[in-house]
Each structure stands twice: as C-alpha cells, then as structure tokens.
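Please keep the viewer open while you read.

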Amino acid sequence: MTVRTRADLVALPGYVPGRTIPGAIKLASNEVSAGPLPSVVRAIADAATAVNRYPDTAATQLVARLGEKLGVPAEQLAVGCGSVTLCQQLVQATCTDADEVVFAWRSFEAYPIITAVVGARQARVPLTGGHALDLDAMAAAITPNTRLVFVCNPNNPTGTALTRAEIERFIERVPSDVLVVIDEAYKEFVDDPDVPDGVELAKAQWAAGRDNVAVLRTFSKAYGLAGLRVGYAVASPAVAETLRKVYVPFSVNALAQVAALASLDAEAELMERCRAIVAERARVREELLAAGFEVPVSQANFVWLPLGERTAAFNEHCLSHKVVVRAFVGDGARVTIGEPEENDAFLAAAKSFSG
Ligand code: PMP
C-alpha cells in the first residue's frame with residue numbers, strides 16, 4: 001500500500017521562486033538589494049541568544065507597535081509568516097471546497113496555488129489591455145459561491161495600481177459577505193497620490209459598516225526582511241480573530257519579530273531607501289521606453305515587460321549577461337529595481353536584445 005495523498009494535488013504545480021545563480025545579479029524576486037541596516041542586524045544578533053525559547057506566538061510587541069503606527073486596535077491585526085502565509089490563512093478562514101476565490105490573472109503566483117491547496121475553486125479574471133486589474137470583470141466574476149477576492153495593489157507582476165475611487169466603486173459592488181483582500185506588498189513604493197493607503201481606505205469602509213475589507217502588508221520588500229518571513233493583516237475584529245485561529249502556532253519566529261520592530265525604529269531610513277528605488281524605477285523605465293520596449297507605469301519595485309512569445313529569449317539573453325530576471329514564459333518578464341549598478345547591467349543586457 002502507498003500513502004494516499006490528495007488526488008486533486010497531483011497535477012498542482014508548486015511555487016517556482018526566482019533563481020539565485022552564483023555570480024549573477026538577481027533581479028528576480030522583488031527583494032531590496034541593499035542589505036539589512038546595521039541596527040537591525042544588531043537586534044537580530046542580540047535576540048539570537050534566546051532562541052532556545054519559543055517566540056511570543058501572539059507577537060504582542062510587534063502587534064502593539066503596528067497598531068500605534070496604523071491607528072488600529074490590536075484586535076484588528078494578525079501577523080503571519082510572510083504575507084503569503086496570510087494569503088493562505090485568509091483563504092482557509094473563508095473557504096471550503098465548494099467555495100470560490102476571485103483574482104486577476106496575471107497576478108501574484110501564489111494565489112492560484114494557495115486556493116488549490118485549500119481545495120477551493122479559482123476564478124481568474126484577465127487583466128485589461130493596459131496590464132491592470134479589470135475590476136468590472138472581477139465584480140462580474142463574483143458568484144454566490146465566491147468568498148474572497150484578491151486585489152493586488154500595486155499588482156505583481158505588472159506594477160500597475162488602482163486608484164482610491166476605483167477600489168471604492170468595486171467594494172460597493174461586492175456582496176458584504178465576500179472578503180476583499182487588498183494585498184499591499186509593494187505599498188511603500190507607490191508615489192501616485194491617487195493610489196490609496198489601503199488601511200485608511202479600509203478604516204473608512206469599516207466606519208461605514210462594511211467589515212469585508214482586509215489589507216495585507218509585508219516586511220519582505222521595503223523593510224528588507226524577506227529572509228525572515230514576517231507580514232501582517234489589518235482586518236475587521238471578526239476576520240482578524242479567525243486569522244489568528246488558523247495561524248500555525250509560533251510561525252512568526254523570534255528573530256523575525258525583533259527585526260520587524262527594529263525596522264520600524266529605522267523606518268525613516270528605510271523609506272529614504274524606497275525613494276531612491278522609486279527614482280531608479282523612473283530611470284529604468286525611461287531607458288527601456290527609449291530602447292523601444294513597452295513598459296507599463298509601475299508603482300512597485302519592479303517593472304513589467306510584456307514581451308509575449310519573446311519572453312523566453314529575453315530571459316536567456318539576460319542570463320547570458322549574468323542578470324536573472326523573472327520570466328513568465330509566453331507572457332512577460334518582471335525585473336526588480338536594484339542598486340544603480342545592477343540596473344545598469346540589466347539595461348545593458350536589455351538594450352542589446354534583438355529577439
Ligand atoms: N503578495 C504579493 C503581491 C507578493 O508579490 C508577495 C511576494 N512575492 C507576497 C504577497 C508575499 O510576500 P511575503 O510572504 O514575503 O511577505
């Protein structure tokens with residue numbers, strides 16, 4: 001007899017992370033290239049002496065600190081082992097196998113995988129011709145079985161962002177028993193004033209009696225802690241409570257908690273770094289446009305090149321120049337904005353691509 005694993009998972013493709021190739025520049029995972037701040041490294045080193053103990057599973061200090069920063073009570077916060085885990089917790093909190101999750105496609109690669117792992121059904125809604133989320137089509141895709149909608153803002157991998165008015169109009173059209181999850185993994189790189197702060201938007205919804213809006217944030221991108229795995233959700237008290245119930249105990253580890261707190265202490269410096277990345281994003285896009293590429297306006301720390309059938313060749317070409325980008329074969333390539341010299345190496349590769 002062999003172990004019977006779930007038949008519905010046999011054909012499920014696993015998550016494919018950006019590749020790390022020794023000696024090559026990695027612009028494939030939307031990480032911040034600059035290393036952690038010395039103050040953050042010190043906090044991690046100090047906390048390392050106590051790793052014989054379990055972490056505070058409720059992440060009490062971090063939750064309190066986030067509550068102060070965001071102006072929300074602790075009961076409306078839930079931490080997770082990276083916001084990808086919170087995506088999974090949210091689907092677990094809302095869906096059983098007859099239920100549906102709606103999301104745009106292409107969007108964050110983990111949405112379909114998580115939905116399948118939970119056993120729910122997925123409704124993928126194509127992007128607009130401008131590579132943005134098509135909120136009208138997403139609203140139309142909601143059925144009586146829909147329990148959750150992911151709204152990735154800015155969208156990974158296209159970088160496009162929705163305005164406050166667009167999101168509010170969308171929420172009005174979503175039944176109040178369907179959770180709208182605004183995934184703001186890249187929020188700190190937004191410089192368009194029309195793109196809302198999701199937490200402020202959610203607060204206005206809660207104040208108006210709509211509790212079906214939740215926001216996800218992460219320490220992996222702007223705060224530079226991708227390797228430590230910590231993110232958080234801001235939600236109505238009832239949703240946040242359910243999230244804490246489906247939380248795997250102790251999954252936000254002790255070093256991640258102190259590093260997140262130390263990063264919040266160093267927020268001004270980290271946001272300065274984000275502004276430099278945003279300036280580089282503008283430069284990279286301008287140079288790519290001048291070289292003849294189509295590049296949608298990005299509000300994240302990456303740009304999207306909708307290369308279609310040329311994507312695989314572009315990927316190989318960049319690899320031959322020792323630059324690792326993220327290729328979605330047949331669709332496009334996503335390129336993280338790194339340090340200026342990394343971006344220069346990528347631009348040199350892109351400009352010499354003739355495929
Ligand atoms: N949401 C989006 C849109 C992302 O792109 C990512 C990371 N690629 C995540 C969530 C998850 O980030 P993490 O688990 O590192 O917090």
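The numbered points below go from the whole chain to single residues.

1. **Ground rules.** This is a predicted model: local features need pLDDT of at least 70, side-chain atom pairs count only at pLDDT 80 or more, and totals for chains, interfaces and linings use all residues. Residues are numbered from 1 along each chain as its sequence is written.

2. **Overall build.** The chain has 12 helices and 12 strands. Helices (H or I, at least four residues) and strands (E, at least two) are DSSP runs, numbered from the N terminus. The radius of gyration is 20 Å, close to the 20 Å of the globule rule for 355 residues, so the chain is as compact as a globular protein of that length. That radius is taken over C-alpha atoms, and the rule is 2.2 Å times the number of residues to the power 0.38. The C-alpha trace spans about 60 × 55 × 50 Å along its principal axes.

3. Of the 355 residues, 45% count as buried. Buried means that 20 or more other C-beta atoms lie within 10 Å of the residue's own; exposed means 12 or fewer; partly exposed is in between; C-beta atoms are placed from the backbone. Two residues are in contact if their C-beta atoms, placed from the backbone, lie within 7 Å. Among contacts with a separation of 6 or more, 73% join residues 24 or more positions apart.

4. **The ligand shell.** Which residues are closest to the ligand? They are G82, S83, V84, T218 and S220, from a surrounding set of 13. The shell holds 5 nonpolar, 7 polar and 1 charged residues. Ala, Val, Leu, Ile, Met, Phe, Trp, Tyr, Cys and Pro count as nonpolar, Asp, Glu, Lys and Arg as charged, and the others, Gly among them, as polar.

5. An unreviewed UniProt entry places "modified residue: N6-(pyridoxal phosphate)lysine" at K221. UniProt positions follow the numbering used here, feature names are shortened, and annotations may be inferred rather than shown by experiment. K221 sits in the loop between β7 (213–218) and β8 (231–234). It counts as buried because it has 28 C-beta neighbours inside 10 Å. Beyond four places in sequence, its contacts are N30, V32, A185, Y186 and N301.

6. **N30.** This contact of K221 lies in the loop between β1 (25–26) and α1 (38–48). N30 is buried, with 22 other C-beta atoms within 10 Å. Its phi is positive, about 55 degrees, although it is not a glycine. Most residues other than glycine have a negative phi, and most peptide bonds are trans.

7. **Helix α11.** Which residues of α11 (311–320) are buried? T311, F314, N315 and C318 are. E316 and S320 are exposed on the face turned away. The buried residues pack against β10 (323–324), β11 (326–328), β12 (332–336) and α12 (340–351).

8. **Backbone checks.** K322 lies in the loop between α11 and β10. Its phi is positive, about 60 degrees, although it is not a glycine. K322 is exposed, with 12 other C-beta atoms within 10 Å. The W105 to R106 peptide bond is cis, with omega near 20 degrees. The bond from N156 to P157 is cis too, with omega near 15 degrees.

Technical notes
Near = placed C-beta within 6 Å.
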